[in-house]
Amino acid sequence: MAEVELRGVSKYYKEVAAVSDVSLRIPDREFVALLGPSGCGKTTTLRMLAGFIRPDTGQILIDGKDVTDLPPERRPTAMVFQSYALWPHMTVGENISFGLKLRKVPAAQIAERARAMLDVVRLPGVEHRFPSQLSGGQQQRVALARALVLGPKILLLDEPLSNLDAKLRVRMRDEIRRIQQELQITTVYVTHDQEEALTMADRIAVMNRGVIQQLGDANDIYDRPATSFVADFIGQSNFFRGTLRRANGVTWAHIGDERVAVEPVDGAPDGAHVTVSTRPEVVEVVRAPEPGAFALDDPRLVNFGAYQRLAGRHPTLGPIEARVPKSFRLDARPVYVKLTRARAFAEPEAEMRD
Amino acid sequence: MASTTFAAPPRPRPRRLDRSRLAGLALVAPSLLYLTVFVFIPVVKAITTSFTVRDRDNAGNYSYRVGTDNYRAIFETETLRDNVIFTVLIAVISVAIVFALAYSIALALRFGKGPAVRFLSRIYVIPLFIPSVIASYAMITFLANHGFVDGLLQRVGFPDESFPRIVFDWKGIVITQVWLSLPFMTVLLSSVLLEISDTLVESARDVGASSWQIFRHIVLPLSAPGALIGITFMFLGVVGGFTVPYLLGPNAPQMLGVSMVYYMTNYFEPYVASTQAVVIFLLSLVAAIYYVRQQFKREVR
């Protein structure tokens with residue numbers, strides 16, 4: 001199949017950069033998710049890959065061939081739209097075979113390929129129905145079949161599951177991943193749903209304000225967020241503001257007159273202002289004072305069914321949350337938390353959480 | 001599995017003529033009355049009149065009987081038959097021209113960009129606000145032989161008598177009907193085209209369709225039901241039109257609307273006039289049946 005590359009691609013609307021100098025190389029057969037909040041530039045990036053939007057700067061290459069100036073009808077990409085975009089006046093069979101007909105494929109072969117593709121998306125025997133006679137999930141399968149029947153080099157999916165209900169979304173997630181694995185097709189998937197991105201993609205590009213904030217697999221993004229935006233957008237995090245200090249080989253973030261050990265930070269001098277984050281599930285809860293443990297005032301428990309969340313306040317650090325097992329009980333004993341695996345980000349404060 | 005108990009289904013309430021039903025009848029009554037007085041009764045009356053034959057004996061006395069003579073006259077008398085054919089032809093030609101023009105404008109408005117399109121989108125509705133009488137008189141002074149356009153052409157060197165006969169000719173009717181109907185048809189087609197979402201067009205491009213193929217396989221079929229409704233309405237308007245053919249049409253053949261008035265008021269032949277009215281009605285009925293069938297198909301979708 002094929003490899004895609006974006007080289008310094010930007011797109012401006014008036015003065016505002018929707019996508020700003022994005023570079024991304026997606027090797028053959030890889031499934032990459034573009035993840036971010038609305039307006040982060042993920043859809044614009046996808047539409048530039050498809051050819052619906054022409055980038056203002058930069059290049060788009062497919063298999064090393066520059067396709068920047070090619071219109072969508074001449075690119076080896078196939079797109080699945082959020083709204084399915086099935087043609088309502090055509091049957092399912094006609095929808096799937098339309099592209100093949102335009103390519104003057106012999107009729108017998110068209111029918112065969114359409115049928116085979118409906119088998120791949122596990123929706124056999126609906127050729128003669130109209131899209132309006134199918135459920136949302138079925139329509140999405142047809143849209144997928146229509147995109148795949150032409151044997152595209154790159155499959156592009158624009159929030160394909162956001163119009164489905166939650167249960168179906170989870171099922172279609174596995175389906176899309178299965179089909180992608182079966183056909184071994186290079187895939188770019190746009191979503192604002194982190195769970196979709198984390199469960200489906202080989203690699204995830206987290207975008208914000210037209211920029212890729214971090215590119216990595218689910219573990220990189222979740223365990224080692226590169227920016228405070230990623231730490232905040234993916235999962236949940238406790239945040240603190242502090243100053244960086246290094247002593248005896250340990251990196252510390254000084255927060256008020258307290259200090260928290262953080263993972264080593266490159267490229268930020270001592271004294272730099274940092275944002276410190278740590279995930280609630282790695283916050284350790286203890287019931288007796290010990291070095292590095294912070295007393296939690298006013299602790300409360302929130303039940304999430306599978307687990308509980310302990311929330312409280314430290315006079316200097318501010319609000320802190322920790323994930324605790326369901327067996328955890330509050331009693332007269334005080335509660336202390338240890339902020340393990342904290343990460344510090346030296347970045348302008350405006351970058352944080354918007 | 002947890003067991004669930006279901007409540008017994010509620011008993012259907014007995015139907016009776018309650019307040020809300022009375023209110024509904026009261027709301028329908030005025031329009032029903034209107035339709036009866038101004039539509040159903042005249043239609044029935046016109047149909048009975050069209051089957052009434054008036055004979056005159058040698059002494060000049062009239063006698064009346066029921067018969068199909070009027071219909072035979074309409075389709076066997078040359079002038080009357082020509083009027084029917086002329087009416088249908090004018091309607092078909094006007095509708096075809098308006099449709100072609102309006103569809104092009106609507107396509108430009110829907111898919112085009114730039115200042116030309118913006119300008120077009122503002123001016124094309126102007127004729128909608130000009131009454132047909134005014135438009136017809138304007139056309140007469142504008143397009144008549146020795147009128148404005150002819151004068152202009154002669155001034156730049158065209159010889160006299162070279163300007164074609166437009167006013168008091170079928171061309172005059174067609175041009176004016178086109179001018180008058182264009183905005184309505186464009187408004188209608190524009191809204192039909194707006195209903196076709198961008199993603200339907202984009203997905204077609206994505207599978208490799210050229211602009212022409214998108215038009216042929218996506219835009220045209222998706223807009224066809226709405227477009228045919230517009231065609232139906234315009235056909236009805238032209239077939240039953242009076243003002244434009246009366247002011248701009250030739251003396252012979254005449255469109256049915258004009259001919260009807262002449263037979264009614266000048267020749268004192270209400271029987272032939274009524275028959276012509278029924279013919280107009282039947283032509284409209286064909287269009288109306290078509291319209292209803294289209295609507296029905298839409299609902300089935």
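Two strands pair if DSSP finds at least two bridges between them. Helices (H or I, at least four residues) and strands (E, at least two) are DSSP runs, numbered from the N terminus. This is a predicted model, in which local features need pLDDT of at least 70, side-chain atom pairs count only at pLDDT 80 or more, and totals for chains, interfaces and linings use all residues. Residues are numbered from 1 along each chain as its sequence is written, while chains are lettered from A and ligands numbered from 1 in the order in which they are written.

**Stop 1: a sheet in chain A**

Select S1(A) and strand S4 (residues 57–62) of chain A. These two strands pair in the antiparallel sense over 5 bridges. Now pick A:Leu6. Its bridge partner in S4(A) is A:Ile60. Strands of a sheet pair through backbone hydrogen bonds, either parallel or antiparallel.

The open sheet has 4 strands in the order S2-S1-S4-S5 (chain A), with antiparallel pairing. Which strands stand at the edges? They are strand S2 (16–26) and strand S5 (65–66) of chain A; each has a single partner strand, so one side of each is left without a neighbour in the sheet.

**Stop 2: A:Glu3**

Step to A:Glu3, in the segment before strand S1 (4–13) of chain A. Two residues are in contact if their C-beta atoms, placed from the backbone, lie within 7 Å. Not counting residues up to four places away in sequence, A:Glu3 touches A:Ile26, A:Pro27, A:Asp28, A:Asp63 and A:Thr186.

A residue is buried if 20 or more other C-beta atoms lie within 10 Å of its own, exposed if 12 or fewer, and partly exposed in between; C-beta atoms are placed from the backbone. A:Glu3 counts as partly exposed because it has 17 C-beta neighbours inside 10 Å.

**Stop 3**

Select S6(A) next. A:Thr77 and A:Met79 point one way, A:Ala78 and A:Val80 the other way, and all are buried. In a regular strand the side chains alternate between the two faces of the sheet. S6(A) pairs with strand S7 (residues 154–158) of chain A in the parallel sense, over 4 bridges. There, A:Ala78 has A:Leu155 as its bridge partner in S7(A).

Move on to A:Leu156. Leaving aside its neighbours within four places in sequence, its contacts are A:Leu46, A:Leu49, A:Ala50, A:Thr77, A:Ala78, A:Met79 and A:Val188.

A nonpolar core is a set of buried Ala, Val, Leu, Ile, Met, Phe, Trp, Tyr and Cys residues joined through C-beta atoms within 7 Å. The largest one has 78 residues, and A:Leu156 is among those with the most contacts inside it. Helix H4 (residues 136–148) of chain A gives the most to this core, with 6 residues. A second, separate core of 49 residues includes B:Ala106, B:Trp170, B:Leu182 and B:Ile231.

**Stop 4: where the chains meet**

Show both chains. How many residues of chain A are in contact with chain B? There are 18, and they meet 16 residues of chain B. Strand S6 (77–80) and helix H2 (92–102) of chain A each supply at least two residues of that side of chain A. The largest share, 3 residues, comes from H2(A).

**Stop 5: a hairpin**

Go to strand S17 (residues 308–314) and strand S18 (residues 318–324) of chain A. They pair in the antiparallel sense over 7 bridges. A hairpin of 3 residues joins S17(A) to S18(A). A:Leu310 stands opposite A:Ala322 in S18(A).

**Stop 6**

Most residues other than glycine have a negative phi, and most peptide bonds are trans. Select A:Arg209, in the loop between strand S9 (203–208) and strand S10 (211–216) of chain A. A:Arg209 has a positive phi of about 50° although it is not a glycine.

Now B:Phe168, in the loop between helix H6 (148–155) and helix H7 (170–194) of chain B. B:Phe168 has a positive phi of about 60°.

Finish at B:Ala252 and B:Pro253. A cis peptide bond joins them, with omega about -5°. B:Pro253 sits in the loop between helix H10 (243–248) and helix H11 (256–266) of chain B.
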